[in-house]
Amino acid sequence: AIVGALGAPLPVSVEGSYAVHLLTGGVLTVALCVLLHGRLLISLALVVLAAIGLEVVQALFLPGRSGDPRDAAAGIAGATLVAVFILSRRALAPAR
């Protein structure tokens with residue numbers, strides 16, 4: 001079982017955890033893009049760095065935790081999917 005912040009098992013399968021990482025990467029990209037006034041590529045870069053950094057921190061500095069590159073890849077995939085969606089919407093939007 002996947003253990004939450006308080007040590008209680010979470011009702012999420014390993015495959016489900018990848019879906020959570022995918023969704024989180026996408027949501028963070030949108031949130032940062034809004035906060036950064038539409039700077040999508042900066043938002044994407046920050047989410048990619050965060051996904052990799054979090055897994056490295058878990059692997060090196062948190063006893064009992066292991067960094068999983070697949071978790072980082074899922075977060076990056078979610079961020080990338082959202083970025084591609086936003087870019088395609090921008091490209092198809094009528095000129096102002």
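Me: Is Ala83 buried or exposed?
Reply: This is a predicted model, in which local features need pLDDT of at least 70, side-chain atom pairs count only at pLDDT 80 or more, and totals for chains, interfaces and linings use all residues. A residue is called buried under 20% relative accessible area, exposed over 50% and partly exposed in between (1.4 Å probe, protein chains only). With a relative accessible area of 3%, Ala83 is buried.

Me: Which pattern does the protein follow along the sequence?
Reply: Helices (H or I, at least four residues) and strands (E, at least two) are DSSP runs, numbered from the N terminus. The protein has 3 helices and 2 strands. Read along the sequence, these give the pattern β-β-α-α-α.

Me: Which residues does Ala83 touch, not counting residues up to four places away in sequence?
Reply: Ala83 has its place in helix H3. A contact requires heavy atoms within 4.5 Å. Not counting residues up to four places away in sequence, Ala83 touches Leu40 and Leu44.

Me: How far does helix H2 reach from its first C-alpha to its last?
Reply: Helix H2 covers residues 40-61, which makes 22 residues.

Me: Within what arc do the buried residues of H2 fall, seen down its axis?
Reply: The buried residues of H2 are Leu40, Ser43, Leu44, Val47, Ala51, Glu55 and Gln58. On the other side of H2, Leu41, Leu49, Leu60 and Phe61 are exposed. An α-helix has 3.6 residues a turn, so residues three or four places apart point the same way. The buried residues of H2 line one face of the helix, because the directions from the axis to their C-beta atoms fall within an arc of 105°.

Me: What is the phi of His37?
Reply: His37 lies in the loop between helix H1 (14-35) and H2, and it is exposed, with a relative accessible area of 70%. Most residues other than glycine have a negative phi. Although His37 is not a glycine, its phi is positive, at about 55°.

Me: With which residue does Asp68 form a salt bridge?
Reply: A salt bridge is a side-chain nitrogen of Lys or Arg within 4 Å of a carboxyl oxygen of Asp or Glu, and a search of the whole structure finds 1. The closest N and O atoms are 3.1 Å apart, and the partner of Asp68 is Arg70.

Me: What percentage of the residues of the protein count as buried?
Reply: The protein has 96 residues. One that does not count as buried is Ile42, which is partly exposed at 46% relative accessibility. For the protein, the buried share is 23%.

Key:
Residues numbered from 1 in each chain as written. Heavy atoms only, no water. Expected span 1.5 Å × (residues − 1).
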